[in-house]
Amino acid sequence: MERSFNTVSTAVKSYESGRVMQALVKAEGYRFAGGALDLLMERSDQVLDAALGNYNKLKAISDGQEISWDLVDRNIDLSLDQNVFCYSRGCLKRGLPRGNRPPGRAAAGGDLSLADGRGLFQPG
């Protein structure tokens, strides 16, 4: 049995997602100020679906037709890549070892605790 769903098939390439978002925003009468669109696309990993969802969130909380950089910064979470980078940078600043499992742990399993008993997710 075949069921019909409301779907949209797009032919947008990932490198075109910023231009598509810009055109959509303009068509709806909104405007991004001061690099806010670039920040939105960066935090959406240049993925159009994620950017559209985040844009709808910003429209709902914006005071007017302009979406500022600060509004995006305060309300849109870091992308997965940015989170991993920040986490790695934080580990390097704290001087954590690269192999963060105690001796004897299997490389593909085990927990995320350090040899001295501190967990990676505990505040320093």
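Contact is taken here to mean heavy atoms within 4.5 Å. The structure described is a predicted model.

The secondary structure of the chain consists of five helices and two strands, arranged along the sequence in the order α-β-α-α-β-α-α. Of the 124 residues in the chain, 27% are buried. When contacts between residues at least 6 apart in sequence are considered, 53% of them join residues at least 24 apart.

The largest nonpolar core contains 17 residues. Within this core, the residues touching the most other members are Met21, Phe32, Leu40, Tyr55, Leu58, Ile67 and Val72. At least two core residues are supplied by each of α1 (17-27), α2 (36-43), α3 and α4 (69-75). Helix α2 provides the largest share, with five residues.

Val72 was examined with neighbours within four places in sequence left aside. On this basis, Val72 is in contact with Phe32, Ala36, Leu39, Leu40, Arg43, Leu58 and Ile67. Among these partners, Phe32, Leu40, Leu58 and Ile67 are also listed with Val72 as core residues that touch the most other members.

Asn54 is located in helix α3, which spans residues 48-61. Asn54 counts as buried because its relative accessibility is 19%, and the cut-off for burial is under 20%. With neighbours within four places in sequence again left aside, the contacts of Asn54 are with Leu40, Ser44 and Ile76.

Conventions: Residues numbered from 1 in each chain as written. Predicted model: local features only at pLDDT ≥ 70, side-chain atom pairs only at ≥ 80, totals over all residues. Heavy atoms only, no water. Helix = DSSP H or I, 4+ residues; strand = E, 2+ residues; numbered from the N terminus. Buried < 20%, exposed > 50% of the residue type's maximum accessible area, 1.4 Å probe, protein only. Core = buried A, V, L, I, M, F, W, Y, C linked by side-chain atoms within 4.5 Å.
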